[in-house]
2 protein chains.
Amino acid sequence: MASNVPTMKEIAKRLGVSVTTVSRALQNHPRIGLRTREQVHALVQQMGYVPNSTAIYLKKKCTFNIGVVLPFLTEQFFSLAISGIEDTTTPLGYSVLVVQSRNNFERERAAITSLIKHGVDGIIVSVASETQTYLHLDEAQKHGVPVVLFDRVIKRAPNSCVYSDIMVGAYEAIEFLIANGWSRIALLNGPNTLQATEERLNGYVKALQEHRIPVNIHYIKSVNLLREDTIRKTNELLNLPEPPQAILAFHDYVALDAMQVCKERGLHINKDICFVSFSNLSFCAYLDHPPIASIEQFPYEMGQKAAQILMAAIADPDTATRQEVVIKSKLIQRLE
Amino acid sequence: MASNVPTMKEIAKRLGVSVTTVSRALQNHPRIGLRTREQVHALVQQMGYVPNSTAIYLKKKCTFNIGVVLPFLTEQFFSLAISGIEDTTTPLGYSVLVVQSRNNFERERAAITSLIKHGVDGIIVSVASETQTYLHLDEAQKHGVPVVLFDRVIKRAPNSCVYSDIMVGAYEAIEFLIANGWSRIALLNGPNTLQATEERLNGYVKALQEHRIPVNIHYIKSVNLLREDTIRKTNELLNLPEPPQAILAFHDYVALDAMQVCKERGLHINKDICFVSFSNLSFCAYLDHPPIASIEQFPYEMGQKAAQILMAAIADPDTATRQEVVIKSKLIQRLE
DNA sequence: CTGTTAGCGCTTTCAA
DNA sequence: TTGAAAGCGCTAACAG
């Protein structure tokens, strides 16, 4: 911020009125003379006066800033969520502070601490894959900063959260594969720390069981979301005496890496082996052989919803109760 | 922010000292008794006191927030730049306010106004494709908020800026294509409002001329960066009596859309027609037929550099002079 | 309709 | 080594 920026005091002095009057004129307070109001506005215009928000924040005890903590901005899923958040908060005068955790718990904790210090009015977080506790979230609540979780949520946490019906998504995906004649279906799942991993597994198992297909434990792999691990686990699957015909992947990035492994081993995608994955990122459209189906999770809408809940909690801290919103996912088929 | 959060006053009262003392203890001021300091720190710990940053900001006349305005977070180029910015500002205690302009000038202007109102200490911007003036940037400078431009810069603007040597990049790309035997090379360029568009054109023309290849005006198209326009312009190129053998695209997204058009028309990528494009986004690695070469522009490093310049300008507003930093690009070849 | 006054939570002279 | 007091820029009773 600046050095010699005009303040209300100067405006008041120049106009020979009190700062109160200026303040009121600026807020279009009813009890103010039309003349005065116009004069003030004119001078404000002329001097290029911009109210000092820090002062207002100090008074009003809010900053109109909210924080967002998520694993990676570079994942389109999250940047779309940010857009959803931005679009619902900006019209209300809020700005968004973004911090990336890079799936690292310590970074996440530090990010939240830093956001509290910066005085945000609320925080939206999608937890890191490493995160196993929600104590760092309590820290925020303790300072009166509401926290809303989205996508990567901790359901036993006391915070409001919004996520997609992953279990159903996984279930439908497996049903789809079965309906198309595959029965040897593997699951390239995420880290076991994530709730979302468990749900994918549940959906997977449920669908298989309902169709009386035995669950093969060797078909279930957990990857840490790093490329190398995906490659390793995919190779393990392909090395099986009876390798899978289809793979449900944790998300598109996992699917892409796995597909590359397959290609390198001479397999033809969607012929020798086919994929279904979560996310439905836009660049899949550019692949010659995209996953045969994707589970669209509507990250933009999730961001919107999370932001709405947060806005409500900020506006009315007392009446706001814990909410749990499920965004319906949708299976997008790409049969060739 | 909260209601009943502990303040320095309470700490002082509980300890029977003055707020001054607490303040000094917290800052580890030299002139303070060891005993007192320890007592204060203990109580702070116990009460979970967090300094009210708004108050500090008001006093210190800075917020330790910086704003970043860019077209789209969903473009990996920009999210990588954000990471670069975050990584250089966070260690210094700064947080990043991100706003997307969506290539819309009005949104960009509004974003900057909003950031000034929110009291950021500085702003980094990559201008919208629509933007043709830098008056909205002057607005910030007028309020003592330094502005640094990156990538999509306005070079005649009075602000510091960092960008890549696009002309050289385009030049090398064309040389590479010529060296590999192509001479009918088209340019799917960006909007004419962008400096970057002009530079790509210059590099393109220069390389052709140096190799005594006549510049064919029908091979030069300007797209507005929306998918539909890319499709239209690509079709125009392919409909030419002598269609190009190679295309230099404004960036990967343009290349991808253009490549799809080619595929739909039965052309084989990198055989019937090949592509070179700016950006080198990571997902190109997943394509069966990626652009035959990409011009890596190092967005992370650009973000870092822009942030460094901004940090310096904030730290020392008087001595800081306008800087213009060029990040060398690099041609990544993917000959099959 | 307008001004006076107090105060948000903190830092920082100036005195003791 | 500590404290009292002023003040950052603004808002909001309360009083005219």
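Predicted model: local features only at pLDDT ≥ 70, side-chain atom pairs only at ≥ 80, totals over all residues.

Biologist: At what angle do H2 and H3 of chain A pack?
Modeller: Helix H2 (residues 19-26) and helix H3 (residues 34-47) of chain A pack at about 85 degrees, and their axes are 9 Å apart. H2(A) and H3(A) are therefore roughly perpendicular to each other, since 65 to 115 degrees counts as that.

Biologist: Which residues meet there, H2(A) against H3(A)?
Modeller: From H2(A) there are Thr21(A), Val22(A), Ala25(A) and Leu26(A). They meet Thr36(A), Arg37(A), Val40(A), His41(A) and Val44(A) of H3(A). By type, the residues of this contact between H2(A) and H3(A) split into 5 nonpolar, 3 polar and 1 charged.

Biologist: Switching to the sheet in chain A. What is the strand order?
Modeller: The order is S7-S6-S8-S9-S10-S12, with 6 strands in an open sheet of mixed pairing.

Biologist: Which strands stand at the edges?
Modeller: Strand S7 (220-222) and strand S12 (330-333) of chain A do. Each has a single partner strand, so one side of each has no neighbour in the sheet. On average, neighbouring strands of this sheet are turned by 15 degrees against each other, ignoring direction.

Biologist: How many bridges hold S6(A) to S7(A)?
Modeller: 3 bridges join strand S6 (residues 185-189) of chain A to S7(A), and the two run parallel. In one of the pairings, Asn189(A) has Ser222(A) in S7(A) as its bridge partner.

Biologist: Which strands of this sheet does H8(A) touch?
Modeller: Helix H8 (residues 166-179) of chain A packs on the sheet and touches S6, strand S8 (246-249), strand S9 (274-279), strand S10 (293-296) and S12 of chain A. The direction of H8(A) makes about 160 degrees with that of S9(A).

Biologist: Now chain B. What is the strand order in the sheet there?
Modeller: Chain B has 6 strands in an open sheet, ordered S7-S6-S8-S9-S10-S12, and the pairing is mixed. The twist from one strand to the next averages 15 degrees.

Biologist: In what sense do S9(B) and S10(B) pair?
Modeller: Strand S9 (residues 274-279) and strand S10 (residues 293-296) of chain B pair in the parallel sense, over 4 bridges. Ser279(B) stands opposite Glu296(B) in S10(B).

Biologist: Which strands do H9(B) and H10(B) lie across?
Modeller: Helix H9 (residues 195-210) of chain B lies across strand S6 (185-189), S7 and S9 of chain B, at about 170 degrees to S6(B). H10(B) lies across S6, S7 and strand S8 (246-249) of chain B, at about 165 degrees to S7(B).

Biologist: And how does H10(B) cross H11(B)? What is the angle?
Modeller: The axes of helix H10 (residues 227-238) and helix H11 (residues 252-264) of chain B come within 9 Å and cross at roughly 50 degrees. H10(B) and H11(B) are therefore oblique to each other, and their crossing is right-handed.

Biologist: What kinds of residues make up that contact of H10(B) with H11(B)?
Modeller: They divide into 6 nonpolar, 4 polar and 2 charged. Among them are Arg227(B) and Leu238(B) in H10(B), and Asp257(B) and Val261(B) in H11(B).

Terms used: Residues numbered from 1 in each chain as written. Chains lettered and ligands numbered in written order. Heavy atoms only, no water. Axes fitted to C-alpha atoms, helices over the stretch in contact; angles between N-to-C directions. Parallel < 35°, antiparallel > 145°, perpendicular 65-115°, else oblique. Left-handed = near helix turned anticlockwise from the far one by under 90°. Contact = heavy atoms within 4.5 Å. Nonpolar A, V, L, I, M, F, W, Y, C, P; charged D, E, K, R; others polar. Pairing = 2+ DSSP bridges.
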